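Open the model in your viewer and keep the selection tool at hand. The tour below goes stop by stop, saying what to select and what is there.

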Amino acid sequence: MAGTLKVGTITTPSGSGSITIPSGVSLSGGVANTPNFFVRSDTTGFSLSAGSHTKVTSWTTPEFDTASAWSDNKFTIPSGQAGKYCVSASAYFNYTGSAKRFQMSIRVNGSADGLATISATYNNSAKISYTKEFSVGDYIEMYLYQDQVNSTAYTAANNAEQTFLSIYKLIGA
Amino acid sequence: MSKLEVNTLAPQTGTTITIGESGDTVALGSGASQTGFGGTNTPAFAVVPSAVQTISTSTDTVIQFGTESYDTDSCYDTGTYRFTPNVSGKYFLYVKVRFDSDTDWDYNMVKIRKNGSDLARLNSRNEFYEGLILTKVIDANGTTDYFDFTVRQESGSSRNLSSDAAECYAGAYKLIGL
């Protein structure tokens with residue numbers, strides 16, 4: 001039977017104890033880690049020059065983007081969705097030489113916020129996972145960097161399984 | 001369609017209110033929010049270093065994350081560097097560290113510990129500022145279980161952890177429905 005229930009408080013007589021949602025019943029409309037977003041790079045990647053921080057633009061169409069917050073290779077916190085988010089990312093470096101510094105950075109509003117530095121020795125990937133409080137309009141991008149002393153450019157982000165960006169909102173945090 | 005307007009919904013007997021039956025969807029209206037239903041990713045916290053920390057060689061050392069970015073339920077202690085969740089359940093924990101050194105050595109290890117015992121480990125060589133990141137879903141009893149993070153390096157001399165908040169940090173949040 002359809003109906004509307006308006007209450008100020010749902011509680012037990014004692015003010016504690018259990019309010020049970022039976023097994024098999026789902027609860028929707030507010031209990032979801034949304035906005036929720038996931039995108040992978042393509043399998044071509046791009047040529048990463050030495051000594052300069054380069055924005056990743058080799059992304060494919062997002063596998064999901066519940067708030068349509070992805071545009072111009074960046075995720076922007078939508079109106080009404082300020083709060084704490086979990087950001088996870090990985091970036092692949094196609095490099096098999098002797099060890100040197102490669103870095104993936106998550107930038108917020110253009111400034112480095114989370115950094116993952118690796119010494120790539122054989123097709124290594126840099127990974128990051130953290131939570132942060134964001135405001136509406138904050139935008140999140142991925143940048144890559146390498147500082148090979150021979151100034152050689154190397155291909156990066158050309159592994160879709162190891163180059164991705166995942167962002168989702170925490171509930172009530 | 002019926003409409004019921006009340007301020008308090010309480011069981012006629014006992015202490016349990018049951019909403020819906022199997023197969024039903026209990027939906028909140030557009031724009032409505034809920035609290036205290038268990039459906040929040042809290043407790044949650046995020047911390048960063050408050051100062052440079054020196055790690056002696058070959059010594060498991062508790063990482064001193066002394067500055068809170070946030071701590072929704074005051075479950076992280078900046079004196080003991082422990083996270084003691086006050087709600088039972090499963091949590092996603094993460095920690096990232098990096099030594100402030102471009103020197104190479106063979107052995108670094110970061111750990112997530114529960115009540116002082118190893119729960120997860122990650123080891124790696126130290127090569128040119130390489131960082132270590134470790135994540136783990138953990139189970140907490142909501143009362144006495146505590147979690148902290150340790151790091152170890154075997155370079156042969158003391159080494160400093162980076163105090164850069166973008167390089168060293170940790171945090172956790174509660175998972176829902178597990």
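## Stop 1: a sheet in chain A

Select strand 13 of chain A, residues 125-134, where 7 of the 10 residues are buried, so the strand counts as mostly covered. This is a predicted model.

Strands 10 and 13 of chain A run antiparallel and are joined by 10 bridges. To see one facing pair, pick A:Val87 and look across to A:Tyr130 in strand 13 of chain A. In general, strands of a sheet pair through backbone hydrogen bonds, in either a parallel or an antiparallel way.

Move to strand 4 of chain A, residues 36-40, and strand 16 of chain A, residues 164-169. These two pair in the antiparallel sense, over 5 bridges.

## Stop 2: two cis peptide bonds

Select A:Thr34 and A:Pro35. The peptide bond from A:Thr34 to A:Pro35 is cis, with omega near 0°. A:Pro35 sits in the loop between strand 3 (26-28) and strand 4 of chain A.

Then switch to chain B and select B:Thr42 and B:Pro43. A cis peptide bond joins these two residues, and omega is about 5°. The loop that holds B:Pro43 runs between strand 3 (25-27) and strand 4 (44-48) of chain B. For background, most peptide bonds are trans, and most residues other than glycine have a negative phi.

## Stop 3: two residues with positive phi

Select A:Asn73, which is not a glycine but has a positive phi of about 60°. A:Asn73 belongs to the loop between strand 8 (70-71) and strand 9 (74-76) of chain A.

In chain B, select B:Asn115. Its phi is near 55°, again a positive value in a residue other than glycine. B:Asn115 lies in the loop between strand 11 and strand 12 (117-126) of chain B. With a relative accessible area of 33%, B:Asn115 is partly exposed.

## Stop 4: a buried asparagine

Go to B:Asn108 in strand 11 of chain B, residues 105-114. Is B:Asn108 buried or exposed? B:Asn108 counts as buried because its relative accessibility is 0%, and the cut-off for buried is under 20%.

Show side chains here. The side chain of B:Asn108 makes a polar contact with the side chain of B:Asn126, at 2.8 Å. Leaving aside residues up to four places away in sequence, B:Asn108 touches several others, including B:Phe99, B:Leu122, B:Leu132, B:Arg152 and B:Gln153.

## Stop 5: the cavity

How many cavities of 30 Å³ or more does a search of the whole structure find? The search finds 1. About 50 Å³ of space lies in the largest cavity.

Notes:
Residues numbered from 1 in each chain as written. Chains lettered and ligands numbered in written order. Predicted model: local features only at pLDDT ≥ 70, side-chain atom pairs only at ≥ 80, totals over all residues. Heavy atoms only, no water. Buried < 20%, exposed > 50% of the residue type's maximum accessible area, 1.4 Å probe, protein only. Helix = DSSP H or I, 4+ residues; strand = E, 2+ residues; numbered from the N terminus. Pairing = 2+ DSSP bridges. Polar contact = N/O pair within 3.5 Å; in protein donor to acceptor, adjacent residues only side chain to side chain. Contact = heavy atoms within 4.5 Å. 1 Å grid on protein atoms, 1.4 Å probe; cavity = no way out; pocket = protein on both sides within 12 Å on 5 of 7 lines; lining within 4 Å. Points joined across faces, edges and corners; volume = space filled by probe spheres on them.
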